[in-house]
Amino acid sequence: MNDHTPDEPVDVLLIEDNPGDVRLAQEAFRATESEIAFQVLRDGEEAAAYFRQPEDSEPCPDLVLLDLNLPRKDGLAVLEVLEEELDYPPPPVLVLSSSNAEEDIAASYAADANAYLTKPDAMPEFTSMAEAIERFWIDTAKQPPAPA
């Protein structure tokens, strides 16, 4: 992960326009053992602007949760901006979408998403997914070091 240490909260950038899904995600991650600090962006254009800021103006999140169906600029376009703007190594980007369409899944991975997750319908499943994200992406996975 980015510069996260066990004494600091995990910085999660949630790019989601649906207030209900924002609430579900925040509540689900409250059930995990990690302290999570959420920043929420509500559309793709806002997300693109966030990642186009000078590197020292906004810290890079430890993890990005990205919806595909966003207003003004969709999630696939946001993935393109991430590829253009973020230094290596970028934070893990997990697409979190209600779509099960194979073309959305394939396009997300082709655009360098680290994982594609389908949004659960109920809180217990959302909590299980948040716990799985915590176990793998926060507690276990290691990001490559920045090149010298």
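Predicted model: local features only at pLDDT ≥ 70, side-chain atom pairs only at ≥ 80, totals over all residues.

D74, E80, E83, E84, E85 and D112 make up a negative surface patch. For such a patch, residues need over 30% relative accessible area (Shrake-Rupley, 1.4 Å probe) and no salt bridge, with like charges joined within 9 Å. Asp and Glu count as negative, placed at CG of Asp or CD of Glu.

Residues are numbered from 1 along each chain, and side-chain values use heavy atoms, without hydrogens and water.

Now to the sheet: 5 strands form an open, parallel sheet in the order β2-β1-β3-β4-β5, where pairing takes at least two DSSP bridges. Its edge strands each pair on one side only:

| Edge strand | Residues |
|---|---|
| β2 | 36-41 |
| β5 | 115-118 |

Strand β1 (residues 10-15) runs parallel to β2 and is joined to it by 6 bridges. Within β2, Q39 is the bridge partner of L13.

The structure also holds 6 salt bridges (Lys or Arg side-chain nitrogen within 4 Å of an Asp or Glu carboxyl oxygen). One of them links D21 and K119 at 2.9 Å, N to O. Because D21 belongs to helix α1 (residues 19-30) and K119 to the loop between β5 and α5 (123-140), this pair ties together parts 98 residues apart in sequence.

Notes: Patch = residues over 30% accessible without salt bridge, like charges linked within 9 Å, V, L, I, M, F, W, Y side chains within 5 Å. Helix = DSSP H or I, 4+ residues; strand = E, 2+ residues; numbered from the N terminus.
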